[in-house]
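Hi,

Here is the structure I promised to pass on. Have a look through it first, and then read my notes below.

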Amino acid sequence: MVVRTFDGTKLMGPQNSRQKAVVAAFKHSWDGYKQYAWGHDNVKPISKKYHEWFGLGLTIVDSLDTLYMMGLNDDFAEAKSWIENSLVFTMNRDVNLFEVTIRVLGGLLAAYHLSGEKIFLNKAIDLGDRMMPAFSTRSGVPYSDVNLGTRAAHSPKWGPDSSTSEVTSIQLEFRDLSRSSGQPKFEAAAARVSEHVHQLEKHDGLVPIFINANNGQFREYATITLGARGDSYYEYLLKQWIQTGKTIDYLRDDYLLGISGTKKHLVKYTAINKYLFIAELVGAHKDTRPKMDHLTCYLGGTLALGVHHGLPQEHMAFANDIVKTCYQTYAIQPTFLAPEITYFNIQKLEGDNQMDMYVKTNDAHNLLRPEFIESLFYMWYFTGNKTFQDWGWQIFQAFENYTKVENGYTSIGNVRSIHNIRPQDMTESFWFAETLKYLYLLFDDTRQLIDLDKWVFNSEGHPLPIYES
């Protein structure tokens with residue numbers, strides 16, 4: 001059966017052996033989820049149990065558009081039926097505004113745009129309404145947590161601050177909700193946050209990773225990083241600019257400032273092979289810390305997307321360099337899987353056995369994350385260079401070899417040994433939403449499954465339409 005998206009794209013299902021292998025992996029995971037965790041947030045495939053985070057059936061909502069794109073029509077219909085009959089937002093339970101926005105709101109909106117099914121939009125509007133109290137702060141910068149049932153919002157339990165990336169990475173979804181529902185309030189609230197952050201003083205376009213929802217100011221001396229709590233601030237500047245038909249100049253300008261600040265302050269090179277990596281700035285003196293989160297590996301794809309949309313061509317060389325380094329974080333491990341965090345040697349030492357990269361024991365886990373696969377997809381899409389496909393295939397094989405279990409795929413605790421991988425009995429919803437979707441798109445030899453002049457992906461891999469303004 002052939003289905004079409006709203007822009008007329010034909011979705012034919014897998015077209016080659018690599019895509020078929022990815023769909024088989026999806027099905028293997030999905031069957032385990034269905035059997036042991038249906039209606040719950042995440043599956044624990046080894047103990048055959050489930051893990052509840054927000055109580056919103058995260059894996060189902062996060063998987064909708066992947067099911068649709070892969071042509072898994074029966075599974076899509078079953079998931080849609082669960083959304084219709086069982087997805088409710090009335091529980092007295094705190095949720096994280098950002099995570100629920102990118103996974104649940106983004107998932108519902110993408111499913112609506114791909115399939116045209118109104119039920120997804122109706123659920124999205126209900127959810128959006130319940131998240132609006134998060135914006136009722138003095139500054140307009142939202143609280144990190146909101147109770148969907150009681151509609152009360154507050155700062156996180158650990159302090160007064162929200163993560164900068166979290167408050168600046170909800171705009172694609174809230175804007176699309178307004179455009180799709182005809183209710184301007186969602187876009188207005190989220191856009192106000194971007195406008196506020198635009199006015200704040202930055203470090204050559206770079207932002208600290210914490211911001212106070214009450215006074216609207218960055219936390220003084222907070223870390224500056226393109227990894228956790230900083231990453232998608234830069235991504236959403238570019239993607240909002242694209243989403244709005246390249247009509248909001250300050251978004252593009254702030255993105256360009258952020259990239260030039262990254263080059264000036266954060267780009268460093270390893271001692272031996274001169275691999276480019278993105279360091280962090282720490283403390284009052286902005287000391288360099290030579291570590292990079294796997295999350296930072298989104299950057300190559302984002303840079304390539306910017307170049308495609310007319311931003312400086314030299315960003316493509318930067319993209320290639322960071323993608324090469326991220327590939328090495330996989331290739332140097334015996335499992336061929338990247339750790340959560342990699343440290344880099346920037347000074348040459350005496351002796352001949354020095355490594356460019358090393359991993360600390362607490363950082364050696366792999367959570368089945370998508371960021372590097374995402375970048376490989378963009379690089380393949382914009383260049384047609386099959387090397388990026390081949391790298392993705394090597395990583396997919398590593399997932400098959402070291403994370404596949406009887407009832408799905410699990411995150412692992414140690415990428416540094418094939419004999420002691422320490423399976424963690426957890427499948428995050430982004431495995432379905434992003435990692436497998438981006439692999440499926442990466443192995444699309446036609447590069448026509450999704451048109452990146454018509455769609456922009458949110459931070460959870462959910463495609464949303466590009467508007468003219």
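**What turned up**

Setting aside residues up to four places away in sequence, Ile-322 touches Leu-276, Phe-277, Ile-278, Met-292 and Gly-300. You'll find Ile-322 in helix 12. Ile-322 has a relative accessible area of 1%, so it counts as buried, the cut-off being under 20%. For a sense of distance, Ile-322 and Leu-64 sit 258 residues apart in sequence, and their C-alpha atoms are 31 Å apart in space. Do keep in mind that this is a predicted model.

Now for the annotated residues. The unreviewed UniProt entry lists Glu-99, Asp-231, Glu-340 and Glu-371 under "active site". From that set, Glu-99, Asp-231, Glu-340 and Glu-371 belong to the lining of the largest pocket.

I looked at two of these in more detail, starting with Glu-340. Where is Glu-340? Glu-340 lies in the loop that runs between helix 12 (314-331) and strand 15 (341-344). Its relative accessibility is 13%, so Glu-340 is classed as buried. Leaving out residues up to four places away in sequence, Glu-340 touches Met-292, Asp-293, His-294, Asp-363, His-365, Leu-367 and Arg-369. Met-292 is also on the list for Ile-322.

Then there's Glu-99, which is part of helix 4 (residues 97-115). Is Glu-99 buried or exposed? Glu-99 counts as buried because its relative accessibility is 15%. Beyond its neighbours within four places in sequence, Glu-99 is in contact with Trp-53, Phe-54 and Val-104.

Cheers

Methods:
Residues numbered from 1 in each chain as written. Predicted model: local features only at pLDDT ≥ 70, side-chain atom pairs only at ≥ 80, totals over all residues. Heavy atoms only, no water. UniProt positions renumbered as here; feature names shortened; annotations may be inferred. 1 Å grid on protein atoms, 1.4 Å probe; cavity = no way out; pocket = protein on both sides within 12 Å on 5 of 7 lines; lining within 4 Å. Helix = DSSP H or I, 4+ residues; strand = E, 2+ residues; numbered from the N terminus. Buried < 20%, exposed > 50% of the residue type's maximum accessible area, 1.4 Å probe, protein only. Contact = heavy atoms within 4.5 Å.
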